[in-house]
Amino acid sequence: MGYIYLFIAIISEVIATNLLKATDGFSKLLPSVECLIAYVVCFYSLSKAIKYMPLNVAYALWGAVGIILITIFSVVYWKEQINTPTVIGIGFIVIGTILVNTFGTGH
């Protein structure tokens, strides 16, 4: 059950973060409201997920998968550029997440 809540938290966080760019500094009403709703769903779901799994595992997965998806979305949708150091940094995040999930004290 925890992974279902975590999945919802990750997807809603990716949606909210992309909407954050669309709010144009919270100057556009509809994207601003949608963004805030998505963040509420995100943090509610994350709070439910950590009832079923260790906080460090949930947060590592939430952060890493969120960063990867947001980066992909920013390149594809927002047409932003990424460089080699960015890709290497994301790789380190993935490695760190694997280490937390494999060797973390929560398992």
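Trainee: When helix 1 passes helix 3, is the crossing left-handed or right-handed?

Mentor: Helix 1 passes helix 3 in a right-handed crossing; a crossing is right-handed if the near helix is turned clockwise from the far one by less than a right angle, and left-handed if anticlockwise. Helices here are DSSP runs of H or I with at least four residues, strands are E runs of at least two, and both are numbered from the N terminus. Please keep in mind that this is a predicted model, in which local features need pLDDT of at least 70 and side-chain atom pairs count only at pLDDT 80 or more, while totals for chains, interfaces and linings use all residues. Residues are numbered from 1 along each chain as its sequence is written, and side-chain values use heavy atoms, with hydrogens and water left out.

Trainee: At what angle do the axes of helix 1 and helix 3 cross?

Mentor: Two packed helices are described by the angle between their axes and by the distance between those axes. The axes of helix 1 and helix 3 come within 9 Å and cross at roughly 40°, where axes are lines fitted to C-alpha atoms, for helices over the stretch in contact, and angles run from 0 to 180 degrees between N-to-C directions. That makes helix 1 oblique to helix 3, since angles under 35 degrees count as roughly parallel, over 145 as roughly antiparallel, 65 to 115 as roughly perpendicular and the rest as oblique.

Trainee: Which residues of helix 1 and helix 3 meet?

Mentor: With contact taken as heavy atoms within 4.5 Å, the helix 1 side includes Leu6, Ile10, Val14 and Thr17, and the helix 3 side includes Val57, Ala58, Trp62 and Phe73. By class, this contact of helix 1 with helix 3 has 14 nonpolar, three polar and one charged residues; Ala, Val, Leu, Ile, Met, Phe, Trp, Tyr, Cys and Pro count as nonpolar, Asp, Glu, Lys and Arg as charged, and the others, Gly among them, as polar.

Trainee: How do the other helix pairs read, beginning with the axes of helix 1 and helix 2?

Mentor: The axes of helix 1 and helix 2 come within 7 Å and cross at roughly 155°, which makes helix 1 roughly antiparallel to helix 2. Their crossing is left-handed, and the contact of helix 1 with helix 2 divides into 17 nonpolar, four polar and three charged residues. For helix 3 and helix 4, the axes come within 9 Å and cross at roughly 155°, and that makes helix 3 roughly antiparallel to helix 4.

Trainee: Which residues have the most contacts inside the largest nonpolar core?

Mentor: In soluble globular proteins, nonpolar side chains tend to be buried together. A nonpolar core is a set of buried Ala, Val, Leu, Ile, Met, Phe, Trp, Tyr and Cys residues joined through side-chain atoms within 4.5 Å; buried means under 20% relative accessible area, exposed over 50%, and partly exposed in between, with a 1.4 Å probe and protein chains only. The largest such core has 14 residues, and those with the most contacts inside it are Leu6, Ile10, Leu46, Ala58 and Trp62. Helix 1 (2–22), helix 2 (29–49) and helix 3 (55–76) are the elements that give two or more residues to this core. Leaving aside neighbours within four places in sequence, Ala58 is in contact with Leu6, Leu46, Ile50 and Met53.

Trainee: Is Val57 buried or exposed?

Mentor: Val57, which is found in helix 3, is buried, with a relative accessible area of 1%. Gly63, also placed in helix 3, counts as partly exposed at 22% relative accessibility.

Trainee: Where do Phe26 and Lys79 lie?

Mentor: Phe26 lies in the loop between helix 1 and helix 2, and its phi is near 60°, a positive value in a residue other than glycine. At 42% relative accessibility, Phe26 counts as partly exposed. Lys79 lies in the loop between helix 3 and helix 4 (84–103), has a positive phi of about 60° although it is not a glycine, and is exposed, with a relative accessible area of 61%.
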